Amino acid sequence: MSEQVVRHFINGEYRESASGKAFPVHAPEHGGVVGEVFEAGREEVDAAVAAAKAALAGPWGQFTAQERAKLLHRIADRINERFDEFLEAECLDTGKPRSLASHIDIPRGAANFKIFADLVQGIPTESFRLDTPDGAGAVNIGHRSPKGVIAVISPWNLPLLLMTWKVGPALACGNTVIVKPSEETPLTTSLLGEVMNECGVPEGVYNVVHGLGPDSAGEFLTRHPDVDAITFTGETRTGEVISQAAAKGLRDVSLECGGKNAAIVFDDCDLDKAIEGTMRSAFANCGQVCLGTERVYVQRGIYEAFKERLVAAATELKPGPSHDPDTTLGPLISKEHQEKVLSYYRLAVEEGATTLCGGGIPEMPEAISGGYWVEPTIWEGLSDDARVIREEIFGPCCHLRPFDDEAEVIALANDNPYGLATAVWTENSSRAIRVAEQIEVGIAWVNSWFLRDLRTAFGGAKQSGIGREGGVHSLEFYTELKNICVKL
Ligand code: NAD
Ligand code: 6OD
């Protein structure tokens with residue numbers, strides 16, 4: 001493949017940085033440089049924000065909800081028509097197996113536009129009749145308008161999916177956006193600019209600036225005074241910095257951050273389902289899913305059987321190139337992340353873990369041996385206060401620990417600063433609901449994992465985030481609700 005040159009997309013046009021500053025993009029599969037990305041300075045960020053602001057006052061501001069919905073459907077259709085190009089770009093950037101990206105990342109990229117296009121048209125606004133002393137009364141009518149210019153800061157693990165998860169509802173509600181994708185994965189966000197132009201999205205409605213976080217595009221964008229709200233997905237410590245940026249000018253902020261998620265496997269579970277689900281939750285996308293499981297608590301009666309089967313299945317995972325249909329495990333995103341995950345593999349041993357499988361770098365064919373590969377890894381035997389149990393690793397690994405009863409496992413699951421997701425495996429539905437209700441998370445799955453209904457609330461408790469998106473909750477974030485009180 002020829003080297004990619006990735007430009008900003010501002011006011012409907014692709015642009016280079018005035019400074020000429022650029023950074024390389026590496027393919028995780030082999031580690032080689034496959035392109036360069038222009039890094040936005042203040043000038044490009046200012047231009048993107050100005051374009052987004054001007055677009056609100058232009059034709060976009062006159063679009064009815066129905067017209068916006070029609071346009072969003074066209075965008076989704078066009079993503080599907082250009083499916084293979086999006087797939088190619090996403091897999092080049094991330095190295096993830098095509099089989100995964102073609103089932104999750106790209107279809108969800110399109111669905112995120114369709115679902116919110118339909119949703120905004122079907123949600124009623126509130127209305128209250130008020131009695132007044134003169135007997136005539138008053139009516140209150142809720143009125144929603146777009147919030148304005150929205151900064152979207154997105155991560156690298158599911159680049160198209162997580163970016164459109166925010167851009168879809170933002171546009172459906174009539175806002176304009178400036179996206180700052182992760183520096184690791186700029187391609188699909190950039191390609192979406194072409195789709196916007198092909199579909200007739202007015203210039204300035206969708207803008208993209210590339211760059212890093214601190215002292216670069218991310219910081220310039222989130223600190224920009226003409227940005228009305230910020231929506232972020234990424235690490236908790238970055239969320240804290242963005243939250244501080246949003247405080248200036250009291251801008252609204254939505255934060256979807258890290259997790260250290262527990263799976264709870266009761267001895268009355270369907271073991272086949274629990275193994276299949278835990279395999280996905282621990283190892284899908286090479287463990288780089290915020291909702292992924294890194295702590296697995298298994299009831300003592302089935303602990304040994306569960307362990308044996310999970311270790312056997314993990315050992316069967318096949319790392320390999322994205323295009324190979326037999327590949328079931330991709331590489332990590334970057335050299336730096338590979339070093340981080342390997343440092344936790346070493347730490348687990350130092351902290352007293354028994355490594356049940358993996359623990360290092362797999363042997364790969366020479367052509368891809370420079371890729372950011374790590375072995376799927378399972379441990380047991382760590383104490384509950386080990387760092388490996390408490391900190392997010394974001395790699396293909398999990399720790400198994402036996403438990404005896406419900407109260408014990410609820411306490412164990414909740415003993416963590418994060419509160420994003422959990423998966424409970426049991427055939428006893430009363431127990432499932434009783435336990436799910438007590439786990440301090442934003443999302444609790446029972447006998448499933450990452451089963452998504454986009455109308456539902458999505459977000460994290462504790463240090464996993466602030467706010468909820470999805471369904472009516474996205475509408476809450478991306479609109480300003482005004483009450484109009486009419487005295488009769
Ligand atoms: P990250 O926080 O390093 O980066 C995310 C984005 O923020 C990138 O675009 C980055 O350039 C930008 N950024 C970094 N510093 C910034 C700053 N000071 N100002 C403005 N922007 C800045 O996260 P990552 O490594 O890309 O993603 C992995 C993390 O994301 C994990 O912790 C994972 O759990 C989390 N995540 C959470 C969810 C969720 O829905 N809760 C989803 C996916 C990923
Ligand atoms: O499915 C979604 O909408 C979503 N935000 C998923 C997040 C996955 C985290 O890596």
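**Legends to close-up views of the two ligand sites**

**View 1. Polar contacts of ligand 1 in the predicted model.** An oxygen atom of ligand 1 has a polar side-chain atom of glutamate 183 at 2.7 Å; the model shown here and in every other view is predicted. The side chain of threonine 238 likewise places a polar atom 2.7 Å from an oxygen atom of ligand 1. For lysine 180, the distance from a side-chain N or O atom to an oxygen atom of ligand 1 is 2.6 Å. The protein buries 93% of the 840 Å² that ligand 1 exposes when taken alone.

**View 2. Surroundings of ligand 1.** Ligand 1 is surrounded by 31 residues. The closest of these are Lys180, Glu183, Thr238, Cys257 and Glu392. The space that ligand 1 takes up is the largest pocket.

View 3. Of the 310 Å² exposed by ligand 2 taken alone, the protein buries 99%.

**View 4. The shell and cavity of ligand 2.** The largest cavity holds ligand 2. Eight nonpolar residues, one polar residue and two charged residues form the shell around ligand 2. Residues around the ligand include Leu158, Leu162, Trp165, Val289, Cys290 and Leu291.

**View 5. Ligand 2 and the two domains.** The domain assignment divides the chain into domain 1 (4-257 + 464-487) and domain 2 (261-453). Each of these domains supplies at least three residues to the shell around ligand 2. Where the domains meet, 26 residues of domain 1 are in contact with 29 residues of domain 2. The C-alpha centres of domain 1 and domain 2 are 31 Å apart.

How values were computed
Residues numbered from 1 in each chain as written. Chains lettered and ligands numbered in written order. Predicted model: local features only at pLDDT ≥ 70, side-chain atom pairs only at ≥ 80, totals over all residues. Heavy atoms only, no water. Near = heavy atom within 4 Å. Areas by Shrake-Rupley, 256 points an atom, 1.4 Å probe, with all protein chains shown as cover. 1 Å grid on protein atoms, 1.4 Å probe; cavity = no way out; pocket = protein on both sides within 12 Å on 5 of 7 lines; lining within 4 Å. Sits in = over half its atoms within 2 Å of the grid points. Nonpolar A, V, L, I, M, F, W, Y, C, P; charged D, E, K, R; others polar. Domains from an automatic or database assignment. Contact = heavy atoms within 4.5 Å. Polar contact = N/O pair within 3.5 Å; in protein donor to acceptor, adjacent residues only side chain to side chain.
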